[in-house]
Amino acid sequence: MEASVLHFFEWLWGPYWPALWSWFEPVWPLIWVIMKIVAILVPLLLGVAYMTYAERKILGFMHVRIGPNRVGPLGLLQPIADGLKLFFKEIVLPTKADPGLYFMAPALAMAPAVAVWAVVPFFDGGVLANLDAGVLFLLAVSSLGVYGIIVAGWASNSKYPFLGSIRSTAQMVSYEVSMGLALVCVLMVSNSLNLTDIVHSQGRGMFADWGVGALSWNWLSLWPMFLVYLISGVAETNRAPFDVVEGESEIVAGHMVEYSGMAFAMFFLAEYANMILVAAMVSIFFLGGWLSPVGFLPDGILWLLAKMSLVLFMFLWLRATFPRYRYDQIMRLGWKVFVPACLIWIPVVGVWMMSPLNIWK
Amino acid sequence: MPSIGSAMDLTSIVFYVFAALLIFAALRVITARNPVHAVLYLVLAFFNAGGLWLTLQAEFLAIALVMVYVGAVMVLFLFVIMMLDIDIKRLRQGFWRNMPLAAILGIVMVAEMFLVLSTDYFSLVAFPDSKADAGYSNTKELGRLLFTDYVYPFELASIILLVAIIAAVVLTLRRRKDVKHLDPVQQIAVKHTDRLRVLQMPAEKEGE
(Lines give C-alpha, C1' and ligand atoms only; values in the text may rest on other atoms or scores of the structure.)
Protein backbone atom coordinates (compact mmCIF):
# COMPACT_ATOMS: atom_id res chain seq x y z
CA MET A 1 0.00 0.00 0.00
CA GLU A 2 2.91 2.29 0.83
CA ALA A 3 4.30 1.90 -2.68
CA SER A 4 1.01 2.77 -4.35
CA VAL A 5 0.61 5.88 -2.19
CA LEU A 6 4.10 7.00 -3.21
CA HIS A 7 3.22 6.26 -6.81
CA PHE A 8 0.14 8.44 -6.52
CA PHE A 9 2.22 11.35 -5.17
CA GLU A 10 4.69 10.91 -8.02
CA TRP A 11 1.83 11.15 -10.51
CA LEU A 12 0.34 14.13 -8.65
CA TRP A 13 3.50 16.24 -8.58
CA GLY A 14 4.91 15.13 -11.95
CA PRO A 15 8.26 16.79 -12.76
CA TYR A 16 8.58 18.41 -9.31
CA TRP A 17 8.51 15.02 -7.61
CA PRO A 18 12.27 14.13 -7.54
CA ALA A 19 13.18 17.47 -5.92
CA LEU A 20 10.34 17.15 -3.43
CA TRP A 21 11.17 13.54 -2.63
CA SER A 22 14.85 14.25 -1.95
CA TRP A 23 13.67 16.85 0.55
CA PHE A 24 11.29 14.76 2.60
CA GLU A 25 12.61 11.23 2.09
CA PRO A 26 14.29 11.14 5.55
CA VAL A 27 11.02 11.91 7.31
CA TRP A 28 8.84 9.76 5.06
CA PRO A 29 8.38 6.91 7.65
CA LEU A 30 7.00 9.47 10.09
CA ILE A 31 4.69 10.98 7.46
CA TRP A 32 3.49 7.52 6.50
CA VAL A 33 2.63 6.65 10.12
CA ILE A 34 0.82 9.97 10.56
CA MET A 35 -1.16 9.30 7.38
CA LYS A 36 -2.20 5.92 8.76
CA ILE A 37 -3.20 7.49 12.08
CA VAL A 38 -5.35 10.06 10.26
CA ALA A 39 -6.88 7.28 8.17
CA ILE A 40 -7.96 5.55 11.40
CA LEU A 41 -8.97 8.60 13.44
CA VAL A 42 -11.08 10.49 10.92
CA PRO A 43 -13.47 7.59 10.29
CA LEU A 44 -13.49 6.90 14.03
CA LEU A 45 -14.54 10.44 14.94
CA LEU A 46 -17.11 10.50 12.14
CA GLY A 47 -18.34 7.17 13.45
CA VAL A 48 -18.63 8.67 16.93
CA ALA A 49 -20.61 11.63 15.58
CA TYR A 50 -22.99 9.45 13.62
CA MET A 51 -23.25 6.96 16.49
CA THR A 52 -25.03 9.69 18.45
CA TYR A 53 -27.37 10.19 15.49
CA ALA A 54 -27.94 6.44 15.16
CA GLU A 55 -28.63 6.19 18.87
CA ARG A 56 -31.28 8.90 18.79
CA LYS A 57 -32.89 7.56 15.63
CA ILE A 58 -32.95 3.93 16.79
CA LEU A 59 -34.16 4.81 20.28
CA GLY A 60 -36.81 6.95 18.62
CA PHE A 61 -37.87 4.05 16.43
CA MET A 62 -38.07 1.75 19.44
CA HIS A 63 -40.11 4.31 21.37
CA VAL A 64 -42.38 4.85 18.34
CA ARG A 65 -41.28 8.45 17.80
CA ILE A 66 -39.38 10.10 14.97
CA GLY A 67 -36.11 11.26 16.49
CA PRO A 68 -33.99 14.11 15.10
CA ASN A 69 -35.39 15.22 11.72
CA ARG A 70 -34.87 19.00 11.53
CA VAL A 71 -31.25 19.61 10.52
CA GLY A 72 -30.58 18.43 6.99
CA PRO A 73 -32.41 15.62 5.17
CA LEU A 74 -33.66 13.02 7.71
CA GLY A 75 -31.81 15.01 10.36
CA LEU A 76 -28.50 13.77 8.99
CA LEU A 77 -26.65 17.00 9.82
CA GLN A 78 -27.77 16.91 13.46
CA PRO A 79 -24.38 15.63 14.84
CA ILE A 80 -22.57 18.46 12.99
CA ALA A 81 -24.95 21.02 14.47
CA ASP A 82 -24.50 19.55 17.95
CA GLY A 83 -20.74 19.62 17.56
CA LEU A 84 -20.75 23.25 16.43
CA LYS A 85 -23.00 24.24 19.30
CA LEU A 86 -20.74 22.57 21.87
CA PHE A 87 -17.66 24.05 20.23
CA PHE A 88 -18.87 27.63 20.63
CA LYS A 89 -20.22 27.26 24.16
CA GLU A 90 -18.41 28.75 27.09
CA ILE A 91 -16.41 26.37 29.28
CA VAL A 92 -17.34 27.06 32.87
CA LEU A 93 -14.78 26.61 35.63
CA PRO A 94 -16.31 26.06 39.10
CA THR A 95 -14.92 28.44 41.73
CA LYS A 96 -13.34 25.87 44.01
CA ALA A 97 -12.25 23.47 41.29
CA ASP A 98 -8.64 22.42 40.77
CA PRO A 99 -8.07 24.18 37.41
CA GLY A 100 -5.14 22.11 36.11
CA LEU A 101 -6.72 18.75 36.74
CA TYR A 102 -10.17 20.02 35.81
CA PHE A 103 -9.04 20.79 32.27
CA MET A 104 -6.80 17.73 32.04
CA ALA A 105 -9.57 15.25 32.88
CA PRO A 106 -11.38 15.36 29.49
CA ALA A 107 -8.05 14.77 27.74
CA LEU A 108 -7.29 11.90 30.12
CA ALA A 109 -10.60 10.32 29.19
CA MET A 110 -10.20 10.90 25.46
CA ALA A 111 -6.55 9.91 24.94
CA PRO A 112 -6.77 6.20 25.91
CA ALA A 113 -10.03 5.80 23.99
CA VAL A 114 -8.17 6.90 20.86
CA ALA A 115 -4.73 5.39 21.55
CA VAL A 116 -6.10 1.85 21.84
CA TRP A 117 -6.97 1.85 18.13
CA ALA A 118 -3.26 1.50 17.34
CA VAL A 119 -3.43 -2.28 17.78
CA VAL A 120 -6.85 -2.95 16.23
CA PRO A 121 -6.52 -4.91 12.98
CA PHE A 122 -9.10 -3.86 10.38
CA PHE A 123 -8.16 -6.40 7.73
CA ASP A 124 -5.32 -8.84 7.15
CA GLY A 125 -2.23 -6.67 7.75
CA GLY A 126 -4.36 -3.54 8.16
CA VAL A 127 -3.09 -2.53 11.59
CA LEU A 128 -1.05 0.45 12.74
CA ALA A 129 1.15 -1.46 15.22
CA ASN A 130 1.18 -5.23 14.91
CA LEU A 131 2.24 -5.87 18.52
CA ASP A 132 2.91 -9.38 19.79
CA ALA A 133 1.47 -8.32 23.13
CA GLY A 134 -1.48 -6.56 21.48
CA VAL A 135 -4.09 -7.87 23.91
CA LEU A 136 -2.01 -6.71 26.87
CA PHE A 137 -1.58 -3.27 25.31
CA LEU A 138 -5.32 -3.13 24.80
CA LEU A 139 -6.10 -4.06 28.41
CA ALA A 140 -3.42 -1.70 29.76
CA VAL A 141 -4.43 1.36 27.76
CA SER A 142 -8.16 0.88 28.06
CA SER A 143 -7.79 0.59 31.83
CA LEU A 144 -6.39 4.14 31.85
CA GLY A 145 -9.73 5.60 30.76
CA VAL A 146 -10.94 5.50 34.34
CA TYR A 147 -8.48 8.27 35.28
CA GLY A 148 -10.40 10.76 33.15
CA ILE A 149 -13.57 10.07 35.09
CA ILE A 150 -12.02 9.90 38.54
CA VAL A 151 -9.95 13.06 38.05
CA ALA A 152 -12.99 14.88 36.64
CA GLY A 153 -15.00 13.92 39.70
CA TRP A 154 -12.37 15.01 42.15
CA ALA A 155 -11.23 18.18 40.39
CA SER A 156 -14.79 19.51 40.01
CA ASN A 157 -14.95 19.76 43.83
CA SER A 158 -18.67 19.15 43.80
CA LYS A 159 -20.87 16.45 45.27
CA TYR A 160 -22.53 14.75 42.33
CA PRO A 161 -19.36 14.47 40.21
CA PHE A 162 -17.57 13.02 43.22
CA LEU A 163 -20.25 10.39 43.80
CA GLY A 164 -20.27 9.59 40.10
CA SER A 165 -16.53 9.14 39.97
CA ILE A 166 -16.53 6.88 43.02
CA ARG A 167 -19.23 4.74 41.46
CA SER A 168 -17.39 4.55 38.17
CA THR A 169 -14.05 3.62 39.73
CA ALA A 170 -15.51 0.66 41.55
CA GLN A 171 -17.56 -0.41 38.57
CA MET A 172 -14.84 -0.15 35.93
CA VAL A 173 -12.19 -1.85 38.06
CA SER A 174 -14.62 -4.70 38.85
CA TYR A 175 -15.64 -5.37 35.29
CA GLU A 176 -12.09 -5.16 33.99
CA VAL A 177 -11.41 -8.29 36.05
CA SER A 178 -14.12 -10.35 34.37
CA MET A 179 -13.24 -8.94 30.94
CA GLY A 180 -9.61 -9.94 31.41
CA LEU A 181 -10.53 -13.41 32.65
CA ALA A 182 -12.88 -13.94 29.71
CA LEU A 183 -10.05 -12.98 27.39
CA VAL A 184 -7.78 -15.57 29.05
CA CYS A 185 -9.95 -18.29 27.46
CA VAL A 186 -9.61 -16.64 24.05
CA LEU A 187 -5.84 -16.44 24.48
CA MET A 188 -5.70 -20.12 25.48
CA VAL A 189 -7.52 -21.36 22.41
CA SER A 190 -5.78 -19.05 19.95
CA ASN A 191 -2.35 -19.50 21.56
CA SER A 192 -1.36 -15.90 20.93
CA LEU A 193 -1.57 -12.36 22.31
CA ASN A 194 -1.47 -10.89 18.82
CA LEU A 195 -4.86 -9.67 17.62
CA THR A 196 -4.19 -10.60 13.98
CA ASP A 197 -3.24 -14.14 15.03
CA ILE A 198 -6.37 -14.38 17.17
CA VAL A 199 -8.52 -13.59 14.13
CA HIS A 200 -6.58 -16.04 11.96
CA SER A 201 -6.98 -18.81 14.54
CA GLN A 202 -10.77 -18.44 14.26
CA GLY A 203 -10.59 -19.13 10.53
CA ARG A 204 -9.45 -22.71 11.13
CA GLY A 205 -11.57 -25.65 12.23
CA MET A 206 -14.05 -28.26 11.14
CA PHE A 207 -16.85 -25.84 10.27
CA ALA A 208 -14.49 -23.52 8.39
CA ASP A 209 -13.46 -26.50 6.24
CA TRP A 210 -17.13 -27.17 5.52
CA GLY A 211 -17.55 -23.59 4.33
CA VAL A 212 -19.51 -22.23 7.30
CA GLY A 213 -16.73 -20.31 9.02
CA ALA A 214 -19.19 -18.47 11.25
CA LEU A 215 -19.55 -21.61 13.37
CA SER A 216 -15.83 -22.00 14.03
CA TRP A 217 -15.50 -18.50 15.47
CA ASN A 218 -15.00 -18.24 19.20
CA TRP A 219 -18.57 -17.17 20.02
CA LEU A 220 -19.83 -20.72 19.70
CA SER A 221 -16.97 -22.66 21.28
CA LEU A 222 -16.58 -20.14 24.11
CA TRP A 223 -20.25 -19.19 24.40
CA PRO A 224 -20.33 -18.40 28.17
CA MET A 225 -17.21 -16.25 27.85
CA PHE A 226 -18.74 -14.45 24.87
CA LEU A 227 -21.70 -13.47 27.03
CA VAL A 228 -19.46 -12.45 29.94
CA TYR A 229 -17.29 -10.30 27.68
CA LEU A 230 -20.23 -8.69 25.93
CA ILE A 231 -22.04 -7.77 29.16
CA SER A 232 -18.83 -6.65 30.87
CA GLY A 233 -18.14 -4.51 27.82
CA VAL A 234 -21.47 -2.74 28.29
CA ALA A 235 -20.70 -2.24 31.99
CA GLU A 236 -17.15 -1.08 31.25
CA THR A 237 -18.37 1.69 28.95
CA ASN A 238 -20.93 2.79 31.56
CA ARG A 239 -23.83 2.28 29.19
CA ALA A 240 -27.40 1.48 30.14
CA PRO A 241 -28.42 -0.70 31.97
CA PHE A 242 -25.14 -0.17 33.89
CA ASP A 243 -25.12 3.63 33.63
CA VAL A 244 -25.28 4.40 37.36
CA VAL A 245 -22.11 6.43 36.82
CA GLU A 246 -24.12 9.04 34.99
CA GLY A 247 -27.52 8.06 36.36
CA GLU A 248 -29.50 11.07 35.16
CA SER A 249 -32.31 10.49 37.62
CA GLU A 250 -30.04 9.97 40.64
CA ILE A 251 -26.88 12.05 40.34
CA VAL A 252 -27.76 14.26 37.33
CA ALA A 253 -24.86 13.30 35.03
CA GLY A 254 -22.21 12.01 37.38
CA HIS A 255 -18.67 13.17 36.72
CA MET A 256 -19.77 15.48 33.88
CA VAL A 257 -22.12 17.73 35.87
CA GLU A 258 -19.75 20.71 36.08
CA TYR A 259 -18.45 20.44 32.53
CA SER A 260 -19.77 22.40 29.58
CA GLY A 261 -18.91 23.09 25.96
CA MET A 262 -15.99 21.25 24.42
CA ALA A 263 -14.82 19.82 27.77
CA PHE A 264 -18.16 18.06 28.08
CA ALA A 265 -18.02 17.02 24.45
CA MET A 266 -14.67 15.30 25.04
CA PHE A 267 -16.22 13.00 27.65
CA PHE A 268 -19.03 12.32 25.25
CA LEU A 269 -16.61 11.50 22.43
CA ALA A 270 -14.60 9.25 24.72
CA GLU A 271 -17.68 7.31 25.78
CA TYR A 272 -18.79 6.69 22.21
CA ALA A 273 -15.26 5.90 21.03
CA ASN A 274 -15.09 3.32 23.82
CA MET A 275 -18.41 1.85 22.72
CA ILE A 276 -17.13 1.48 19.18
CA LEU A 277 -13.93 -0.03 20.57
CA VAL A 278 -15.80 -2.62 22.62
CA ALA A 279 -17.81 -3.48 19.50
CA ALA A 280 -14.55 -3.92 17.57
CA MET A 281 -13.09 -6.06 20.34
CA VAL A 282 -16.13 -8.33 20.53
CA SER A 283 -15.96 -8.70 16.74
CA ILE A 284 -12.24 -9.52 16.79
CA PHE A 285 -12.15 -11.83 19.79
CA PHE A 286 -15.40 -13.71 19.30
CA LEU A 287 -16.94 -12.96 15.92
CA GLY A 288 -13.99 -13.65 13.62
CA GLY A 289 -12.90 -10.06 12.89
CA TRP A 290 -12.68 -9.45 9.16
CA LEU A 291 -13.36 -13.13 8.27
CA SER A 292 -16.33 -13.94 6.09
CA PRO A 293 -19.04 -16.06 7.74
CA VAL A 294 -19.38 -18.30 4.69
CA GLY A 295 -16.73 -19.88 2.51
CA PHE A 296 -17.90 -18.54 -0.88
CA LEU A 297 -17.63 -14.82 0.00
CA PRO A 298 -14.26 -13.04 0.34
CA ASP A 299 -12.93 -11.79 3.69
CA GLY A 300 -12.60 -8.05 4.15
CA ILE A 301 -13.00 -4.96 6.27
CA LEU A 302 -16.71 -4.76 5.39
CA TRP A 303 -17.36 -7.87 7.47
CA LEU A 304 -15.65 -6.28 10.47
CA LEU A 305 -17.74 -3.13 10.06
CA ALA A 306 -20.91 -5.18 9.73
CA LYS A 307 -20.14 -7.12 12.91
CA MET A 308 -19.31 -3.92 14.78
CA SER A 309 -22.57 -2.36 13.64
CA LEU A 310 -24.43 -5.41 14.89
CA VAL A 311 -22.83 -5.16 18.34
CA LEU A 312 -23.42 -1.39 18.47
CA PHE A 313 -27.06 -1.89 17.53
CA MET A 314 -27.29 -4.32 20.43
CA PHE A 315 -25.87 -1.66 22.76
CA LEU A 316 -28.69 0.69 21.74
CA TRP A 317 -31.26 -2.06 21.91
CA LEU A 318 -30.18 -2.84 25.49
CA ARG A 319 -30.57 0.81 26.39
CA ALA A 320 -34.08 0.95 25.02
CA THR A 321 -35.09 -2.30 26.71
CA PHE A 322 -33.74 -2.65 30.22
CA PRO A 323 -34.22 -0.54 33.34
CA ARG A 324 -31.12 0.58 35.21
CA TYR A 325 -29.44 -1.89 37.55
CA ARG A 326 -29.24 -1.13 41.22
CA TYR A 327 -25.65 -0.48 42.29
CA ASP A 328 -25.25 -3.45 44.64
CA GLN A 329 -26.69 -5.69 41.92
CA ILE A 330 -24.05 -4.46 39.48
CA MET A 331 -21.31 -5.35 41.95
CA ARG A 332 -22.93 -8.71 42.64
CA LEU A 333 -23.16 -9.54 38.94
CA GLY A 334 -19.51 -8.65 38.39
CA TRP A 335 -17.89 -10.30 41.37
CA LYS A 336 -20.25 -13.12 42.33
CA VAL A 337 -21.47 -14.26 38.92
CA PHE A 338 -18.99 -13.34 36.18
CA VAL A 339 -15.70 -13.83 38.02
CA PRO A 340 -16.59 -17.32 39.33
CA ALA A 341 -18.02 -18.25 35.92
CA CYS A 342 -14.72 -17.29 34.27
CA LEU A 343 -12.66 -19.04 36.94
CA ILE A 344 -14.63 -22.24 36.31
CA TRP A 345 -14.56 -21.93 32.53
CA ILE A 346 -10.77 -21.45 32.30
CA PRO A 347 -9.98 -24.95 33.72
CA VAL A 348 -12.81 -26.41 31.63
CA VAL A 349 -11.23 -25.04 28.46
CA GLY A 350 -7.81 -26.18 29.69
CA VAL A 351 -8.98 -29.76 30.24
CA TRP A 352 -10.84 -29.65 26.92
CA MET A 353 -7.67 -28.59 25.11
CA MET A 354 -5.66 -31.39 26.72
CA SER A 355 -8.29 -34.06 25.96
CA PRO A 356 -8.56 -35.92 22.62
CA LEU A 357 -11.68 -33.83 21.88
CA ASN A 358 -9.57 -30.68 21.41
CA ILE A 359 -11.05 -28.68 18.52
CA TRP A 360 -8.43 -25.89 18.43
CA LYS A 361 -5.43 -27.75 17.02
CA MET B 1 14.15 3.48 6.64
CA PRO B 2 16.37 5.46 9.01
CA SER B 3 19.97 4.30 9.23
CA ILE B 4 21.29 2.46 12.29
CA GLY B 5 23.12 5.55 13.54
CA SER B 6 20.06 7.78 13.57
CA ALA B 7 17.97 5.00 15.17
CA MET B 8 20.47 4.84 18.02
CA ASP B 9 20.21 8.58 18.47
CA LEU B 10 16.43 8.38 18.53
CA THR B 11 16.57 5.70 21.24
CA SER B 12 18.87 7.82 23.37
CA ILE B 13 16.65 10.87 22.94
CA VAL B 14 13.63 8.82 23.97
CA PHE B 15 15.59 7.45 26.93
CA TYR B 16 16.57 10.90 28.16
CA VAL B 17 13.04 12.22 27.78
CA PHE B 18 11.59 9.31 29.75
CA ALA B 19 14.35 9.48 32.37
CA ALA B 20 13.98 13.23 32.88
CA LEU B 21 10.21 12.96 33.19
CA LEU B 22 10.58 10.02 35.57
CA ILE B 23 12.90 11.94 37.90
CA PHE B 24 10.71 15.04 37.72
CA ALA B 25 7.58 13.01 38.51
CA ALA B 26 9.29 11.14 41.34
CA LEU B 27 10.45 14.41 42.89
CA ARG B 28 6.98 15.88 42.61
CA VAL B 29 5.52 12.80 44.35
CA ILE B 30 7.32 13.77 47.55
CA THR B 31 7.11 17.53 47.14
CA ALA B 32 3.49 17.95 45.97
CA ARG B 33 1.37 19.48 48.72
CA ASN B 34 -1.86 17.90 47.65
CA PRO B 35 -1.88 14.08 48.13
CA VAL B 36 -4.09 13.61 45.05
CA HIS B 37 -1.51 15.43 42.94
CA ALA B 38 1.19 13.24 44.47
CA VAL B 39 -0.69 10.10 43.45
CA LEU B 40 -1.13 11.40 39.91
CA TYR B 41 2.60 12.18 39.71
CA LEU B 42 3.28 8.63 40.88
CA VAL B 43 1.12 7.44 37.99
CA LEU B 44 3.24 9.55 35.65
CA ALA B 45 6.38 8.04 37.19
CA PHE B 46 5.10 4.50 36.59
CA PHE B 47 4.25 5.42 33.04
CA ASN B 48 7.75 6.68 32.32
CA ALA B 49 9.32 3.64 33.99
CA GLY B 50 7.23 1.53 31.61
CA GLY B 51 8.54 3.65 28.75
CA LEU B 52 12.13 3.02 29.87
CA TRP B 53 11.49 -0.73 29.89
CA LEU B 54 10.10 -0.44 26.37
CA THR B 55 13.41 1.04 25.22
CA LEU B 56 15.06 -2.08 26.69
CA GLN B 57 12.71 -4.17 24.49
CA ALA B 58 11.01 -5.60 27.56
CA GLU B 59 7.53 -4.87 26.24
CA PHE B 60 5.78 -7.44 28.40
CA LEU B 61 7.12 -5.97 31.64
CA ALA B 62 6.37 -2.44 30.46
CA ILE B 63 2.76 -3.22 29.58
CA ALA B 64 2.29 -5.30 32.73
CA LEU B 65 3.57 -2.39 34.83
CA VAL B 66 1.08 -0.02 33.25
CA MET B 67 -1.76 -2.54 33.45
CA VAL B 68 -1.24 -3.65 37.06
CA TYR B 69 0.07 -0.52 38.76
CA VAL B 70 -1.42 2.30 36.73
CA GLY B 71 -4.60 0.54 35.67
CA ALA B 72 -5.56 -1.10 38.95
CA VAL B 73 -3.40 -0.38 42.01
CA MET B 74 -3.11 3.37 41.59
CA VAL B 75 -6.81 3.72 40.79
CA LEU B 76 -7.60 2.17 44.17
CA PHE B 77 -4.96 4.37 45.82
CA LEU B 78 -6.56 7.43 44.29
CA PHE B 79 -9.96 6.13 45.30
CA VAL B 80 -8.91 6.01 48.96
CA ILE B 81 -6.85 9.21 49.03
CA MET B 82 -9.60 11.19 47.33
CA MET B 83 -11.94 10.39 50.17
CA LEU B 84 -9.54 11.19 53.01
CA ASP B 85 -10.05 14.49 54.74
CA ILE B 86 -6.44 15.53 54.94
CA ASP B 87 -5.41 18.48 57.05
CA ILE B 88 -2.00 19.41 55.67
CA LYS B 89 -1.15 21.73 58.57
CA ARG B 90 -1.59 18.96 61.09
CA LEU B 91 0.40 16.55 58.94
CA ARG B 92 3.35 18.92 58.84
CA GLN B 93 3.33 19.55 62.59
CA GLY B 94 6.00 17.06 63.63
CA PHE B 95 8.20 17.69 60.61
CA TRP B 96 11.28 19.07 62.37
CA ARG B 97 10.99 16.69 65.33
CA ASN B 98 10.95 13.61 63.06
CA MET B 99 13.49 15.06 60.66
CA PRO B 100 16.70 13.58 62.20
CA LEU B 101 15.36 10.02 62.34
CA ALA B 102 13.95 10.27 58.81
CA ALA B 103 17.24 11.66 57.52
CA ILE B 104 19.23 8.81 59.11
CA LEU B 105 16.84 6.21 57.62
CA GLY B 106 17.09 7.90 54.25
CA ILE B 107 20.87 7.91 54.31
CA VAL B 108 20.94 4.23 55.30
CA MET B 109 18.64 3.37 52.40
CA VAL B 110 20.70 5.34 49.91
CA ALA B 111 23.88 3.67 51.19
CA GLU B 112 22.31 0.22 50.88
CA MET B 113 21.11 0.89 47.36
CA PHE B 114 24.53 2.25 46.43
CA LEU B 115 26.23 -0.88 47.78
CA VAL B 116 23.87 -3.18 45.89
CA LEU B 117 23.83 -1.28 42.61
CA SER B 118 27.59 -0.74 42.46
CA THR B 119 28.32 -4.49 42.52
CA ASP B 120 29.20 -6.45 39.41
CA TYR B 121 25.64 -7.80 39.18
CA PHE B 122 24.42 -4.44 37.98
CA SER B 123 27.49 -3.32 36.08
CA LEU B 124 27.24 -2.69 32.36
CA VAL B 125 29.30 -5.85 31.76
CA ALA B 126 26.70 -8.05 33.43
CA PHE B 127 23.97 -6.86 31.08
CA PRO B 128 24.06 -8.36 27.61
CA ASP B 129 23.15 -6.17 24.68
CA SER B 130 19.39 -5.85 24.67
CA LYS B 131 19.09 -6.13 20.91
CA ALA B 132 16.84 -9.06 20.02
CA ASP B 133 16.21 -10.74 16.69
CA ALA B 134 13.13 -9.84 14.72
CA GLY B 135 10.33 -12.25 15.60
CA TYR B 136 11.62 -12.75 19.12
CA SER B 137 8.66 -12.63 21.47
CA ASN B 138 9.47 -11.36 24.92
CA THR B 139 6.09 -12.50 26.21
CA LYS B 140 6.48 -16.05 24.93
CA GLU B 141 10.03 -16.34 26.32
CA LEU B 142 8.92 -15.09 29.71
CA GLY B 143 6.00 -17.51 29.78
CA ARG B 144 8.26 -20.40 28.84
CA LEU B 145 10.71 -19.57 31.64
CA LEU B 146 7.98 -19.10 34.23
CA PHE B 147 6.31 -22.40 33.48
CA THR B 148 9.45 -24.53 33.08
CA ASP B 149 12.60 -23.45 34.95
CA TYR B 150 10.86 -21.32 37.56
CA VAL B 151 7.60 -23.21 37.90
CA TYR B 152 7.97 -23.98 41.63
CA PRO B 153 8.84 -20.43 42.73
CA PHE B 154 6.05 -19.20 40.47
CA GLU B 155 3.46 -21.55 41.97
CA LEU B 156 4.70 -20.74 45.46
CA ALA B 157 4.31 -17.02 44.84
CA SER B 158 0.80 -17.52 43.49
CA ILE B 159 -0.20 -19.55 46.56
CA ILE B 160 1.15 -16.84 48.86
CA LEU B 161 -0.86 -14.25 46.93
CA LEU B 162 -3.98 -16.41 47.14
CA VAL B 163 -3.55 -16.75 50.90
CA ALA B 164 -3.10 -13.00 51.15
CA ILE B 165 -6.29 -12.38 49.16
CA ILE B 166 -8.31 -14.75 51.33
CA ALA B 167 -6.81 -13.27 54.50
CA ALA B 168 -7.71 -9.76 53.38
CA VAL B 169 -11.26 -10.81 52.59
CA VAL B 170 -11.68 -12.67 55.89
CA LEU B 171 -10.27 -9.76 57.89
CA THR B 172 -12.67 -7.25 56.38
CA LEU B 173 -15.72 -9.47 56.12
CA ARG B 174 -18.27 -8.67 58.77
CA ARG B 175 -21.97 -9.01 58.64
CA ARG B 176 -23.68 -5.89 59.79
CA LYS B 177 -26.87 -6.66 61.60
CA ASP B 178 -28.35 -3.18 61.37
CA VAL B 179 -28.54 -3.16 57.58
CA LYS B 180 -31.65 -4.29 55.78
CA HIS B 181 -30.19 -6.89 53.51
CA LEU B 182 -31.93 -7.84 50.28
CA ASP B 183 -31.12 -11.17 48.77
CA PRO B 184 -31.49 -10.90 44.97
CA VAL B 185 -32.28 -14.61 44.70
CA GLN B 186 -35.27 -14.15 46.97
CA GLN B 187 -36.23 -10.99 45.12
CA ILE B 188 -36.34 -12.80 41.82
CA ALA B 189 -38.22 -15.76 43.26
CA VAL B 190 -41.01 -13.61 44.59
CA LYS B 191 -44.53 -14.65 43.57
CA HIS B 192 -47.50 -12.38 43.14
CA THR B 193 -49.56 -14.60 45.42
CA ASP B 194 -47.25 -13.74 48.34
CA ARG B 195 -47.68 -10.01 47.85
CA LEU B 196 -51.12 -9.36 46.49
CA ARG B 197 -54.49 -10.66 47.52
CA VAL B 198 -57.41 -9.92 45.25
CA LEU B 199 -60.60 -9.55 47.22
CA GLN B 200 -63.96 -10.17 45.67
CA MET B 201 -66.50 -7.75 47.05
CA PRO B 202 -70.12 -7.80 46.12
CA ALA B 203 -71.24 -4.54 44.53
CA GLU B 204 -73.38 -2.42 46.77
CA LYS B 205 -76.82 -1.73 45.50
CA GLU B 206 -77.86 1.79 44.87
CA GLY B 207 -80.67 3.46 46.69
CA GLU B 208 -80.88 1.29 49.84
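What follows is a working chat about a predicted model with chains A and B.

Colleague: Before we start, what kind of model is this?
Modeller: A predicted one.

Colleague: How many helices and strands are there in chain B?
Modeller: Chain B has nine helices and zero strands. Read along the sequence, the pattern is α-α-α-α-α-α-α-α-α.

Colleague: How much of chain B counts as buried?
Modeller: Of its 208 residues, 11%. As for contacts in chain B with a separation of 6 or more, 55% of them come from residues 24 or more positions apart.

Colleague: Now the two chains together. How many residues of chain A are in contact with chain B?
Modeller: On the chain A side 17 residues are in contact, and they meet 20 residues of chain B.

Colleague: Which elements of chain A give two or more residues to that side?
Modeller: Those are α6 (134–142), α7 (145–155), α8 (159–190) and α16 of chain A. Of these, α6(A) gives the most, with four residues.

Colleague: And what is the make-up of that side by class?
Modeller: The side of chain A that touches chain B has twelve nonpolar, three polar and two charged residues.

Colleague: What about A:Val64?
Modeller: A:Val64 is not a glycine either, and its phi is positive, about 55°. Its place is the loop between α3 (28–62) and α4 (78–88) of chain A. With 6 other C-beta atoms within 10 Å, A:Val64 is exposed.

Colleague: Changing topic: how many residues are in the largest nonpolar core?
Modeller: That core has 117 residues, and those with the most contacts inside it are A:Leu136, A:Tyr229, A:Ile276, A:Val282 and B:Ile63. Helix α14(A) gives the most to this core, with 17 residues.

Colleague: What is A:Tyr229 in contact with?
Modeller: Leaving aside neighbours within four places in sequence, A:Tyr229 is in contact with A:Met179, A:Ala182, A:Val282, A:Phe285 and A:Phe286.

Colleague: Last one, α12(A) and α16(A). At what angle do they pack?
Modeller: Helix α12 (residues 223–236) and helix α16 (residues 327–354) of chain A pack at about 150°, with axes 11 Å apart. The two helices are therefore roughly antiparallel, and α12(A) passes α16(A) in a left-handed crossing.

Colleague: Which residues meet there?
Modeller: From α12(A) the list includes A:Pro224, A:Met225 and A:Val228, and from α16(A) it includes A:Ile330, A:Phe338 and A:Trp345. By class, the contact has nine nonpolar, two polar and no charged residues.

Colleague: Where is A:Trp335, then?
Modeller: Also in α16 of chain A. A:Trp335 is partly exposed, with 14 other C-beta atoms within 10 Å. Its C-alpha atom is separated by 17 Å from that of A:Pro241, which is 94 residues apart along the chain.

Terms used: Residues are numbered from 1 along each chain as its sequence is written. Chains are lettered from A and ligands numbered from 1 in the order in which they are written. This is a predicted model: local features need pLDDT of at least 70, side-chain atom pairs count only at pLDDT 80 or more; totals for chains, interfaces and linings use all residues. Axes are lines fitted to C-alpha atoms, for helices over the stretch in contact, and angles run from 0 to 180 degrees between N-to-C directions. Angles under 35 degrees count as roughly parallel, over 145 as roughly antiparallel, 65 to 115 as roughly perpendicular and the rest as oblique. A crossing is left-handed if the near helix is turned anticlockwise from the far one by less than a right angle, and right-handed if clockwise. Two residues are in contact if their C-beta atoms, placed from the backbone, lie within 7 Å. Ala, Val, Leu, Ile, Met, Phe, Trp, Tyr, Cys and Pro count as nonpolar, Asp, Glu, Lys and Arg as charged, and the others, Gly among them, as polar. A nonpolar core is a set of buried Ala, Val, Leu, Ile, Met, Phe, Trp, Tyr and Cys residues joined through C-beta atoms within 7 Å. A residue is buried if 20 or more other C-beta atoms lie within 10 Å of its own, exposed if 12 or fewer, and partly exposed in between; C-beta atoms are placed from the backbone.
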